[in-house]
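Q: I am new to this structure and would like to learn how to read it. Can we go through it feature by feature?

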Amino acid sequence: MNLHGWGRYPIVDAQVTQVQREASALQLLENAQSKQQVLTPRGLGRSYGDSSLGDHVIDFSLQNRLINFNQESGLLECEAGTSLRDILNVFIPKGWFLPVTPGTQFVTVGGAIASDVHGKNHHLDGSFSQYIESFRILTGTNEVLECSADQRPDLFRATCGGMGLTGLILTAKLRLRPIKSSDILCRSIRAENLEQLIALFDEHVDSPYSVAWIDCLKGGAHLGRSILMLGEHAEDGPLQVAGDAGLTIPKLFPGELLNHTTISAFNTLYYHRSPKTMAAQRMSYRPYFYPLDSLNDWNRMYGRKGFVQYQFMIPKTSGANSMRKIIEAIAASGKGSFLAVLKTFGPGNNNDLSFPGEGWTLALDFRFDDGVLELLDRLDEMVLDVGGRVYLTKDARLKAQSFRRAYPNWEKFEATRARYGAHGRFASAQSLRLGLL
């Protein structure tokens, strides 16, 4: 069948097998080894590029049972195919929330571990793996091993952020966060340029959650104009699950509607509709954490060719001027998107391939058209030259030499994979492109 990631680029012909129980995963691995097949794990397909694409894809989205929960400690044990949405739907009414969440709830726990996802609170709370007590993984040696920061730490550090290349995650134990309300108190502040935005991030560094929409098409004195959105959990109010999306983007949506003129007009309207400073407003958790989940199949907006999401981080030590130069290059290209988000990162962790590091991260979409790949190659060089890196979960086109510069622990990662029999057993279109065995 034809299969793609959330960006709808690239598309591959894949054989897809669904796994529902642990025993079937064990049997599947044995059969694949006898046939010399290489397996690619996949959850809900929300990684943007080709990290969950391959010749033989294993779909874990039906392996989604909740196994055990400790109401006193908030420790949840679940199968790896359990979605973040499932967790929220069950545990918000009980007064618990995810400790870290990406920009969509339609992600599996296994996928969140494999990407070591981050959220709007990384500057204070770090990434997803820091709340994983342990997980069980089926390795290429046909062993089911339990891993944690203390037990088989080499495999734990390689798997968290390892893009599914160390084995098949079966179950995980995750520490949830207590909340008193499902509502978020959100305050918006308008910034006239990038320098003002960086100063606002620093001023509000103690805000539990922070994220900025940024206009990547505006240049000159207003380059980087943006809206900073600060958030915190309300101390009182309902504990209720948000409703599902009501709108769906049609399959034949003309991607040509998203061009420099329309995006520029949208950005101007969106920026000026926001007051310079907005007092805290109460809202449900979903529009703050998952604004795009309110629109089913929003990835169709970019048309049949799809799009490439590009997310990079640059270290704080390189200075805000480095971010300015990169945004200038994006603005000059005329290819920036209205889905541009900037966040701050706190210190990174010691996982082999985890993306965050202390600094800033910018994520934006590029409709797949002429010149986009060449532009992204130029941006790679600018990012790498200041010690930054590109997020593998969003990647669909990074070159092997750029990957090795961005992730210097890649050889350590490969050595761990070799120890646990992953070479020739688990791979993806992305890993082969990046030169991993």
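Q: At which residues does UniProt place the feature "domain: FAD-binding PCMH-type"?
A: This is a predicted model. The unreviewed UniProt entry puts that domain at residues 9–179. The span is 23% helix and 28% strand, and its end C-alpha atoms lie 38 Å apart.

Q: How do I read the two sides of a strand, for example strand 4 (residues 39–42)?
A: In a regular strand the side chains alternate between the two faces of the sheet. In strand 4, L39 and P41 lie on one side and T40 and R42 on the other. These four residues are all buried, and both faces of the strand are covered.

Q: In which sense do strand 4 and strand 5 (residues 56–59) pair?
A: They pair in the parallel sense, over four bridges.

Q: What should helix 10 (residues 372–385) span?
A: At 1.5 Å a residue, its 14 residues should span 20 Å; the end C-alpha atoms are 20 Å apart, which agrees.

Q: Which residues of helix 10 are buried, and why do they line one face?
A: An α-helix has 3.6 residues a turn, so residues three or four places apart point the same way. In helix 10 the buried residues are V372, L375, L376, L379, D380, V383 and L384. Seen down the helix axis they fall within an arc of 165°, so they line one face.

Q: What covers those buried residues of helix 10?
A: The cover includes strand 19 (307–315), helix 9 (320–333), strand 21 (359–367), strand 22 (389–390) and helix 11 (400–406).

Q: Which residue just after helix 10 takes a positive phi?
A: G387 does, with a phi of about 85°.

Key: Residues numbered from 1 in each chain as written. Predicted model: local features only at pLDDT ≥ 70, side-chain atom pairs only at ≥ 80, totals over all residues. Heavy atoms only, no water. UniProt positions renumbered as here; feature names shortened; annotations may be inferred. Expected span 1.5 Å × (residues − 1). Buried < 20%, exposed > 50% of the residue type's maximum accessible area, 1.4 Å probe, protein only. Arc of directions from axis to C-beta. Contact = heavy atoms within 4.5 Å. Pairing = 2+ DSSP bridges.
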